[in-house]
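This report goes through one model, from a single loop residue to the ligand site and the aromatic pairs. Please keep the structure open while reading.

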Amino acid sequence: MAKQVVVLGAGMVGVSVAWHLLNRGYDVTVVDRVPPGQETSFGNAGIIQREAVRPYAFPRDLATLLRVLPNRSVDIRYRPTSVIRAAHPLLQYWHHSSESKYKKLVPEYAALIMQSLETHDEMITSANAESLIHKEGYLKLFRTQKAFDEECTRAASDNANYGVEYEALDGERVVAMVPSLTVPLAGAIHWKQPWTVTDPGALVEAYAADVKRKGGAIKHSSLTGLKRQGRRWLVETNTDVFSTDQVVMAMGPWSAHWLRQQRIDVPLFAKRGYHMHYANNSNSPLKYWVMDAEVGYLLAPMRSGVRLTTGAELTALDAPTDERQLDAAENVARSLYPLGNRLDASPWKGGRPCMPDMKPVIGPAPDQEGLWLAFGHGHQGFTLGPVTGKLLGQMMDGEPTDVDMQPYRVNRF
Ligand SMILES: Cc1cc2nc3c(=O)[nH]c(=O)nc-3n(C[C@H](O)[C@H](O)[C@H](O)COP(=O)(O)OP(=O)(O)OC[C@H]3O[C@@H](n4cnc5c(N)ncnc54)[C@H](O)[C@@H]3O)c2cc1C
């Protein structure tokens with residue numbers, strides 16, 4: 001009889017886990033309160049980031065801290081009460097961002113990132129989703145020579161250590177590639193390998209449709225309780241109760257709440273991001289995804305318009321929208337590229353599910369047989385969903401894993 005599993009969460013991570021478990025012969029049910037790919041995995045910048053071998057560290061240099069403190073910078077904002085409430089994980093984040101700790105965790109993070117393209121590729125082919133994918137990389141723009149030179153040094157090292165492919169472009173070559181840019185630039189890094197997705201939510205939907213085609217069930221229900229019943233698990237929702245051998249917790253930023261009820265305390269915190277779509281106002285429409293690296297926002301030519309995504313706002317997951325960061329990013333973006341009118345009635349918001357040591361949690365819940373964890377992918381969950389599914393499948397079947405999974409275990413804190 002097929003092994004039963006209920007996957008909680010139908011974001012990029014949950015759907016990818018379901019896809020891999022179906023291929024392994026599991027009887028899979030995915031539960032989500034919204035259709036697949038409608039939360040964090042919907043509103044991101046849509047980059048499958050093969051270059052992102054260095055996760056986002058907490059800024060520790062005095063100049064950045066002084067810049068961020070007045071709470072007016074474009075890249076990072078915070079709400080003081082939320083910072084106080086999340087003080088413990090944020091202090092741990094600071095701690096893990098020290099030079100020596102960070103140096104150790106980069107190869108662990110890179111081990112996952114390096115498998116991102118091939119693991120998406122097999123799912124894209126199986127889901128017939130090629131029309132959503134562009135394979136021309138993306139551009140990280142620099143306004144000052146100093147920052148550009150520093151990035152060139154990091155890129156050369158990442159090329160040598162992790163096979164990251166890039167080209168350093170001077171200002172003239174950037175304008176030749178993106179003629180509509182209206183600000184003089186020191187240069188740009190053209191990351192060659194990343195794939196860009198013109199509708200990130202639609203890619204998750206396509207993967208979910210493939211899950212259904214392979215015989216998986218996707219239930220549109222809200223989780224209300226998770227309980228042990230002997231050796232089995234009872235998953236209670238507002239529509240059904242499922243009795244199952246195994247459960248995978250893949251509820252992104254909402255995972256910590258449910259794990260606390262299993263007496264598993266995880267220092268998960270959210271970095272809010274916003275997006276807005278704009279009409280194209282240029283004779284030469286944006287072709288490449290461009291990140292204004294020193295300011296801290298990104299422009300992505302998506303199906304629904306030019307999507308501007310913001311940096312991080314440290315706030316509670318359910319805090320009301322504060323448009324000031326988006327407004328500030330939009331102001332700067334309008335001077336970089338001729339954006340047209342806003343196309344959405346209100347900004348989209350979502351919370352990147354972040355762990356203090358910047359690595360996701362992938363593996364078994366200790367002392368809770370049959371409960372598996374897959375969350376906390378921070379800034380790169382869209383990239384890392386498929387590799388997470390592959391590795392978790394190997395662990396659940398007791399096979400040797402393609403990478404050492406110790407760095408991602410939940411009890412590392
Ligand atoms: C502005 C922005 C830009 C980003 N850009 C990129 C990028 O370019 N590349 C990249 O790799 N990553 C990017 N990210 C990060 C990425 O979007 C996330 O890491 C990723 O989407 C997390 O996926 P997930 O499946 O873990 O979570 P989610 O997609 O949030 O899925 C969790 C699911 O759990 C469900 N759920 C919650 N509670 C319940 C309940 N009670 N019952 C049932 N279901 C429930 C939710 O409905 C949701 O569908 C970006 C993030 C933001 C905010």
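Is Asn128 buried or exposed? The model is a predicted one, and in this model Asn128 is exposed, with a relative accessible area of 63%.

## Two loop residues with positive phi

Asn128 sits in the loop that runs between helix H7 (116-127) and strand E5 (133-134). Its phi angle is near 55°, which is a positive value in a residue other than glycine.

Asp367 also has a positive phi, near 60°, and is likewise a residue other than glycine. The loop that holds Asp367 lies between strand E22 (361-364) and strand E23 (371-375). Asp367 has a relative accessible area of 80% and counts as exposed, because the cut-off for that class is over 50%.

## Ligand site

The ligand has 35 residues around it, and those that come nearest are Asp32, Thr40, Ser41, Gly378 and Thr383. Sorted by class, this shell holds 13 nonpolar, 18 polar and four charged residues. Domain 1 (4-41 + 202-267 + 357-412) and domain 2 (58-99 + 130-195 + 268-354) each supply at least three residues of the shell.

Several polar backbone atoms face polar atoms of the ligand. For Ala45, the backbone atom is 3.1 Å from a nitrogen atom of the ligand. For Gly381, the distance from a polar backbone atom to an oxygen atom of the ligand is 3.0 Å. For Phe382, a polar backbone atom lies 3.2 Å from an oxygen atom of the ligand. The ligand taken alone exposes 1000 Å², of which the protein buries 98%. Two or more residues of the shell come from each of these elements: helix H1 (12-23), helix H2 (40-43), strand E21 (348-354) and helix H13 (381-396).

## Aromatic pairs

A pair of aromatic rings is described by how far apart the centres are and by the angle between the planes. In this model the count is five aromatic pairs. One of them is formed by Phe58 and Trp94, with ring centres 5.7 Å apart and planes at 80°. This pair is edge-to-face because its angle is over 60 degrees. Phe58 lies in the loop between strand E3 (47-48) and helix H3 (62-68), while Trp94 lies in helix H5 (residues 87-96), so the pair ties together parts that are 36 residues apart in sequence. Trp94 is partly exposed, at a relative accessible area of 32%.

Another aromatic pair joins Tyr166 and Trp191; the centres are 6.3 Å apart, the planes are at 55°, and the pair is tilted. Tyr166 belongs to strand E7 (residues 166-170) and Trp191 to strand E8 (residues 187-191), so this pair links parts that are 25 residues apart in sequence. Tyr166 is partly exposed, with a relative accessible area of 26%, whereas Trp191 is buried, at 4% relative accessibility. Ring pairs also link Phe58, Tyr93, Trp94 and Phe269 into a cluster.

## A buried strand residue

Which strand holds Thr309? Thr309 is placed in strand E18 (residues 305-310). Thr309 has a relative accessible area of 9% and counts as buried, because the cut-off for that class is under 20%. Between the C-alpha atoms of Thr309 and Ala279 there are 15 Å, and these two residues are 30 residues apart along the chain.

How values were computed:
Residues numbered from 1 in each chain as written. Predicted model: local features only at pLDDT ≥ 70, side-chain atom pairs only at ≥ 80, totals over all residues. Heavy atoms only, no water. Near = heavy atom within 4 Å. Polar contact = N/O pair within 3.5 Å; in protein donor to acceptor, adjacent residues only side chain to side chain. Areas by Shrake-Rupley, 256 points an atom, 1.4 Å probe, with all protein chains shown as cover. Helix = DSSP H or I, 4+ residues; strand = E, 2+ residues; numbered from the N terminus. Nonpolar A, V, L, I, M, F, W, Y, C, P; charged D, E, K, R; others polar. Domains from an automatic or database assignment. Phe/Tyr/Trp six-rings, centres within 6.5 Å; stacked < 30°, edge-to-face > 60°. Buried < 20%, exposed > 50% of the residue type's maximum accessible area, 1.4 Å probe, protein only.
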